[in-house]
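Subject: Handing over a structure, with notes

Dear colleague,

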Amino acid sequence: FEHAVELRWEAFRAARPASHARATRPAKTMRAVELVVQWRDGGTHPWTFADASRLHLVQVSRPAGKNDVGMVAWLLTLRTPEAPEGRQLVLIANDITVMSGSFGTREDVVFDLASKYARERGPPRLYLAANSGARIGLSATVRERYRVAWVNATDPTQGFEYLYLTPADYAELAAKTAVNAERVVVDGEERFRITDVIGDEADLGVENLCGSGTIAGETARAYTDIFTLTLVVGRAVGIGAYLVRLGHRTIQCASNAPIILTGHQ
């Protein structure tokens, strides 16, 4: 964005004599501050999707890559030839380096609050889309512990009968409500056959779709209230594709930026 503004100044100056009153380019053509989610009451403990009503965005200047959420937002002030004193826009972007740019509930909170920030203040809202849709997670804590009851232990190609946990692993995971299982005894060995994997990590399942609905509705309201624009710079899948459509105005890269509902393959 800064480079684009600088090119705009070069073209503006080239078309005018040096004595032109507005031909002097500012020393700094763009200012960017990150919009970071914080507690309204100043708390520092971790926040979740359920806390959204008690959160707000704060302007923070910090190095790139300090975000722990796969969605990032900035308030940009662009000093263009048309507005050398500066004009603002809110920029929201997927961070595709975080879990392939998937939308979990914390990403949804950042997007929702940043969009509302733009709607309340009126500047254009730009969204940089490069994502893999709503997050469908795997419970690593269960995956790392389960064992397999093979039909034929010497020939796994014959398949398996069930997955199970040892009593010690089951006791630990059940205490976290991470798994449901039923007790079986095989050749005197106590096992807990897994019937349901719930997981104790955040953002593993359908709660992400609830967050997707929230930001879809917010995008539709933003299109009605302010200027919205989407730049599709990578693949946009699922809710990422819906957000592109709901924002209406779209610039799509000519290559490697498909807008598709499911599975990027």
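Helices (H or I, at least four residues) and strands (E, at least two) are DSSP runs, numbered from the N terminus. Two further conventions are needed for the packing described below: contact means heavy atoms within 4.5 Å, while axes are lines fitted to C-alpha atoms, for helices over the stretch in contact, with angles that run from 0 to 180 degrees between N-to-C directions. Please bear in mind that this is a predicted model, in which local features need pLDDT of at least 70 and side-chain atom pairs count only at pLDDT 80 or more, whereas totals for chains, interfaces and linings use all residues. Residues are numbered from 1 along each chain as its sequence is written, and side-chain values use heavy atoms, with hydrogens and water left out.

The sheet and its helices

Two strands are taken to pair if DSSP finds at least two bridges between them. On that basis, 7 strands form an open sheet with mixed pairing, in the order β2-β1-β3-β4-β5-β10-β12. Its edge strands are β2 (55-60) and β12 (250-252), each of which pairs on one side only, and neighbouring strands of this sheet are turned against each other by 25° on average, direction ignored. Within the sheet, strand β4 (residues 87-94) and strand β5 (residues 125-129) run parallel and are joined by 4 bridges, with A93 standing opposite L128 in β5.

Helix α6 (residues 239-247) packs on this sheet, where it touches β5, β10 (228-232) and β12, and its direction makes about 140° with that of β10. Helix α2 (residues 105-121), for its part, lies across β1 (30-39), β2, β3 (71-78), β4 and β5, and runs at about 75° to β2.

Which part of the chain holds N131? N131 is found in the loop between β5 and α3 (140-143), and because its relative accessible area is 0%, N131 counts as buried (buried means under 20% relative accessible area, exposed over 50%, and partly exposed in between, with a 1.4 Å probe and protein chains only). The N131 side chain reaches the backbone nitrogen of V237 at 3.0 Å. If neighbours within four places in sequence are left aside, the residues in contact with N131 are N94, I96, S100, G101, F103, R235, A236, V237 and G240.

Salt bridges

A salt bridge is here a side-chain nitrogen of Lys or Arg within 4 Å of a carboxyl oxygen of Asp or Glu, and the structure holds 17 of them. One of these joins the side chains of E107 and R135 (3.1 Å, N to O). As E107 lies in helix α2 and R135 in the loop between β5 and α3, the pair ties together parts that are 28 residues apart in sequence. E107 is buried, at 4% relative accessibility, and R135 is buried as well, with a relative accessible area of 8%. Leaving aside neighbours within four places in sequence, E107 is in contact with V69, G70, M71, V98, S102, R135 and D203.

R135 also meets D203 in a salt bridge between their side chains (3.8 Å, N to O). This pair links distant parts of the chain, since R135 sits in the loop between β5 and α3 and D203 in the loop between β9 and α5, 68 residues apart. D203 is buried, with a relative accessible area of 8%.

A further salt bridge brings together the side chains of R119 and D225 (3.0 Å, N to O). R119 lies in helix α2 and D225 in helix α5 (residues 207-225), so the pair ties together parts that are 106 residues apart in sequence. R119 is partly exposed, with a relative accessible area of 25%, and D225 likewise counts as partly exposed, at 47% relative accessibility. Salt bridges that share partners join R119, E218, R221 and D225 into one network.

Definitions and conventions: A polar contact is a pair of N or O atoms within 3.5 Å; within protein, one must be able to donate a hydrogen and the other to accept it, and residues adjacent in sequence count only if both atoms are side-chain atoms.
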